[in-house]
Amino acid sequence: YLRRWALPAAAFVAGALLFGGGYLAGRALEVALPATTLSYVPVATERALEAFPAWSPNGRQIAYSAEVDGTFQIFTRDLNSGEVHQLTASEADSLFPIWAPDGDGVFYIMSAGAQSSLWVSRKAGHEPVLIAPDVLQAALSGDGRRLSMVRRMDRRLVILLAPSDHPSAARPVAEFPGGTSAHLRFAPDGGELAVWVASGGRGS
């Protein structure tokens with residue numbers, strides 16, 4: 001189940017591969033979380049498997065994936081009322097939710113075997129909309145103007161950037177031969193992109 005952890009200020013500094021200004025740079029990972037300063041509040045405690053939590057921009061909701069009859073769907077939960085909304089009812093797994101910066105929708109990856117794509121669901125009860133095909137992972141900048149995506153091309157992973165309102169204009173900014181999976185996060189100002197890539201059984 002999902003938990004909310006209360007962390008002390010300046011509890012950790014995390015790093016990854018950063019892409020910005022046309023270069024890649026490695027940064028070390030340092031974590032220090034004193035166990036005596038942590039507390040948690042259960043958020044989602046249903047029997048189904050729940051994963052990939054994402055805070056809403058206003059901090060009042062959490063989006064996450066939860067298994068329904070063997071398939072992962074996207075849900076949102078209000079942290080004050082506990083009210084839950086199911087955003088997807090797809091036949092394929094819906095994973096890795098990402099909130100739109102204005103809080104008016106949740107982007108996610110729909111994965112069906114070797115095929116995956118980027119979708120958005122604006123409100124419960126509305127049909128999701130396809131944003132881009134052949135997308136393994138995605139990230140939105142904090143202002144919502146830039147979209148980054150991961151695609152597999154031949155035997156390499158390609159990181160792309162595009163205006164969020166024109167994803168078909170995506171251009172490649174980095175390639176990782178032999179890469180098998182990747183995760184993306186924009187810096188708060190949108191000027192850098194953190195990239196984690198797995199290759200050969202290892203990630204960096």
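Does Phe 96 count as buried, partly exposed or exposed, and at what relative accessibility? The close-up views below take up this residue and some others.

View 1. Phe 96 counts as partly exposed because its relative accessibility is 21% (buried means under 20%, exposed over 50%, partly exposed in between, with a 1.4 Å probe and protein chains only). Phe 52, at 33%, is also partly exposed. The model is predicted: local features need pLDDT of at least 70, side-chain atom pairs count only at pLDDT 80 or more, and totals for chains, interfaces and linings use all residues. Residues are numbered from 1 along each chain as its sequence is written, and side-chain values use heavy atoms, without hydrogens and water.

**View 2. Tyr 64 and Phe 75 form a stacked pair.** Their ring centres are 5.9 Å apart and their planes stand at 15 degrees, so the pair is stacked (rings of Phe, Tyr and Trp, for Trp the six-membered ring, pair if their centres lie within 6.5 Å; planes under 30 degrees apart are stacked, over 60 edge-to-face, the rest tilted). Both Tyr 64 and Phe 75 are buried.

**View 3. Strands β11, β12, β13 and β14 line up, in that order, in an open antiparallel sheet.** Strands are DSSP runs of E with at least two residues, helices runs of H or I with at least four, numbered from the N terminus; two strands pair if DSSP finds at least two bridges between them. β11 and β14 are at the edges with a single partner strand each, so one side of each has no neighbour in the sheet.

**View 4. Val 120 has Val 129 in β14 as its bridge partner.** Strand β13 (residues 115–121) and β14 run antiparallel, joined by 4 bridges.
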